[in-house]
Amino acid sequence: MIKILIVDDEKPICDLIDMNLTAAGYYCRSVQDGLAAIDLIEQEDFDLILLDIMLPGADGFDIMEYIRPMHVPVIFITAKGNVKDKVKGLKLGAEDYLVKPFDVLELLARVEVVLRRYHKTESTLSAGDVTVDLEARKVTRGGREIILTNKEYGLLVLFIQNKNVALFKERLYEKVWGDEYIADSRTLELHVQRLRRKMGWEKNLVAVYKVGYRLEI
């Protein structure tokens with residue numbers, strides 16, 4: 001699974017990027033502090049880092065110099081749009097430089113380009129007889145195509161990426177709907193019920209008491 005680290009001091013931006021990359025089939029972690037980012041990079045391996053420049057603790061340029069020997073591809077995402085900063089970022093070794101505000105579709109395209117350059121693209125996910133073609137957004141079960149809504153597809157990708165792991169309702173709702181979970185809403189439950197039927201997962205996609213759901217494969 002492609003693993004991406006998002007480093008930005010604005011949590012709403014981290015959440016926006018996280019939501020869209022997760023929906024596209026990537027696994028994301030995010031931090032809002034430069035020193036915390038360095039600690040996380042030391043502890044875990046990432047396939048790509050999306051890096052802001054203006055950060056507390058250590059700025060993006062400092063982080064770039066620190067991690068350059070690790071040969072992890074970096075895309076700068078920053079409000080600093082002058083040519084001097086762009087040149088500095090690229091000379092430090094960044095693969096790309098995106099100026100805020102940015103279009104999410106453009107970000108996704110740039111991420112895909114950099115990952116292809118490093119031969120780190122992951123085009124399919126699978127669970128049992130279910131296969132997801134992430135590039136084509138095509139889902140098949142036993143070789144037969146299954147038609148899903150956008151929300152059902154987002155849930156499916158999350159469940160497959162986290163097989164045998166209990167996922168909180170709040171996280172599922174925030175990732176797929178991009179909004180705060182409302183406890184008395186049945187929206188998530190109804191979508192999970194439809195996904196169960198379509199995928200034949202009546203016994204696999206189980207409810208976890210007071211938590212959420214788990215895909216057991």
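Student: Is aspartate 18 buried or exposed?
Tutor: Aspartate 18 is buried, because its relative accessible area is 10%; buried means under 20%, exposed over 50% and partly exposed in between, with a 1.4 Å probe and protein chains only. Please note that this is a predicted model, in which local features need pLDDT of at least 70 and side-chain atom pairs count only at pLDDT 80 or more, while totals for chains, interfaces and linings use all residues. Residues are numbered from 1 along each chain as its sequence is written, and side-chain values use heavy atoms, with hydrogens and water left out.
Student: Where is aspartate 18, and what does it touch?
Tutor: Aspartate 18 lies in helix α1, residues 11–23; helices (H or I, at least four residues) and strands (E, at least two) are DSSP runs, numbered from the N terminus. Leaving out residues up to four places away in sequence, aspartate 18 touches Ile6, Cys28 and Lys175, where contact means heavy atoms within 4.5 Å.
Student: Now the sheet: in which order do the four strands come?
Tutor: The order is β6-β7-β8-β9, in an open sheet with antiparallel pairing; two strands pair if DSSP finds at least two bridges between them. The edge strands, each pairing on one side only, are β6 (124–127) and β9 (144–146).
Student: How many bridges join β6 to β7?
Tutor: Four bridges join them, and leucine 125 has valine 132 in β7 as its bridge partner.
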